[in-house]
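Hi everyone, thanks for coming. Today I'd like to walk you through the aromatic rings in a structure that may be new to you. Let me put it on the screen.

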Amino acid sequence: MVHTLVSKAGSDGPAGLPNTSLVRWCEANPEKAKLIVEEAKSCDVLCLSHCVFAIQGLGSTALAFELLEHPNKSVVAVGLGALGRLDIDNEVVAKRVIDECCQAIKLNFDQNVRSSAIETAFITWEKLNPAESYRQQEFLEAVINANEGDELVQISAALFYHPKGLATESIDQILGALAGEVSNPRAILHWLDHVLHSKRRDCDLSKVIDILAAQIPKLEESIEPNMLYNFSQWIWEDPGNSAQLFSSWLNSGQYELCAFLASMVGEGGKKNTTVDIPRAILPNKLVDQLFMARKCVGFLWFHEVTAASILLSIVRNGKKAAREEAEKLLYDPLLLSYSGDLRDFLEEQVKNPSQRVSDCIARLINSHDAYLAGLEQTEHLVEFLPTIAQRRTAAMKDRERNKDIQKQAHRMSIFSQLISHQTLLYGKKTLSIIQGEGGKKLPNITPLSEISYSAELPRLSVIDPVGFQEMLMAFRVERKVSQ
C-alpha cells in the first residue's frame, strides 16, 4: 500500500505522508520492520525502496552502520541515507557518520552512494557544533575535485536546506567551487538565490558576483533579474553592493552580464536609480575606465540617470583622460538626447561637494543651453521641415509599430485569453448585457476614462537614427584588446 501511494504521489511531493505513516508503523511493529531491513539486505527492490524509513522507525544506528558493510552499493546507499534521518545526539556517533561519508566519497564511484553521503554529511554537520566544522573542508574538497555529475548542484541545494552546520570557511569553499565548471548553471543560480534569502549575511558578495559572472554567460536562454530576486534585493539595499557589481561587470564587458545590469535597473519599475562608484572600487587603469564609460552608455542608454551617475563617478575619481571622455559622453550622446529627468538630475548635482563634478556639470549645462537655443533658431527654417511624403511614411510606421505593440500586449496578458474584448474608438461609457439567474438579462455599464503614458524619446534617435544605433551597437559589442 505504501509503495503504491509513494509511486502515485511521490513525483509531486505529497509522498511524505505515506512515508511518515510507514515510520510510525515500524515504530509500533519493530519485528516486522526488521523483516523489511533483512529483505533489503537480500536486495529486494520493494524493501530497498522503503528500508530507510524502516530503520528510521526502529531508530537503530547499529542497523544503519551494518548496511554500510554490505557488498551491494544500493544497500550501502540506503544505510547512508538512513543515518541522515536518525536522531543522533551523541557527538562520537555523529563524527563516525561523517567519517563514513568521507570514506564513501573517497572510495565509491557509485552515484547513489555519493549522493547519499553528501546529503547525510550536511544533515549531520547541523547536529554538531558549527565552530568545530569536523572534516568539512576535507569532505568538500574531495567532492569538488571529483566534480562528478550533478554533485555541485546537490551541494548548492544542501547549502540552502542545511545552512546551520557549515563554518564560514566551508561556505566560501562551496561558493568558490560554484564559480567553476558545473553541469547545470541554471540550477546553480536557482539554488544560490535561495541561499541568499536564508543565509545572505554569511556569503561573500564578491564570491557571489563571481558565480553569476561565470554561470550567466553559459545559459542557453537569458535569465531575468526577477528570477534572481534575492540577489537583486541584496544589491540594491546597499549602495556599496551596487557599486561593486556595476564596476566589475561593466569593466568585464561581457555582453550577457551588461545586459543583465540594464534589466536590473529597470526591474520593478525602478526609475532614476543612481550608482555611485568610489575610487577604491573603480578600475585603476586608464584603459579600463575608458572601456567602462563606453559600456555604461551602450547598455544603460534607456536609463539615462543611472548612466550619468556612473559617468560622474569617473569624472570624480578617474584619471584625466577618462574624466574628459566621461564628460564628452555625458554631453554627447546623453544630454543631447535627454532634456528631462537627466537635466534635472545634473542641475541637482551642481552643488556636489566634488569640485571636479560641479565644474563639469556647469560646463555641460552651459553647452546644453547653447545647443537648445540653436535648435530653436532653426525650427522655423523650411529646409529643415519634413516633406509631406516623409510625414506620411513616418505616420504609417508609427501606426504599424502601435499595432505590433498592441498585439504583443494582448499575447502577454492573461486576461485576453480568458475573456472576450472589444475595441472602442471613443465614448464615455460601455454597455454589456450579462446573463443573470433564471435567464434574466442585466445591463452592465462601465464608465470609461483616459489612461496615458509618456516617455522621453531620445532626440538623437530622431535626428540621426542610423548613426545613433550604430554608435550604441559599437559600444555594446566592442572588447578590450587583451580579450
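Let's begin with a question: is W125 buried or exposed? Keep in mind as you look that this is a predicted model. The answer is that W125 is buried, because its relative accessible area is 1%, and the cut-off for buried is under 20%.

The structure holds 10 aromatic pairs. For F122 and W125, the ring centres are 5.4 Å apart and the planes meet at 75°, so we call this pair edge-to-face. There is also a cluster here: ring pairs link F122, W125 and F139.

Let's move on to another pair, W249 and F260. Their ring centres lie 6.0 Å apart with the planes at 70°, so this pair is edge-to-face. W249 belongs to helix α15 (residues 239-252) and F260 to helix α16 (residues 255-266), so the pair ties together parts that are 11 residues apart in sequence. W249 is buried, at 1% relative accessible area, and F260 is buried as well, at 2%.

One last stop, with a charge and a ring. R96 lies over the face of F65, 3.7 Å from the ring centre.

Conventions: Residues numbered from 1 in each chain as written. Predicted model: local features only at pLDDT ≥ 70, side-chain atom pairs only at ≥ 80, totals over all residues. Heavy atoms only, no water. Phe/Tyr/Trp six-rings, centres within 6.5 Å; stacked < 30°, edge-to-face > 60°. Buried < 20%, exposed > 50% of the residue type's maximum accessible area, 1.4 Å probe, protein only. Helix = DSSP H or I, 4+ residues; strand = E, 2+ residues; numbered from the N terminus. Lys NZ or Arg CZ within 6 Å of the ring centre and 35° of its normal.
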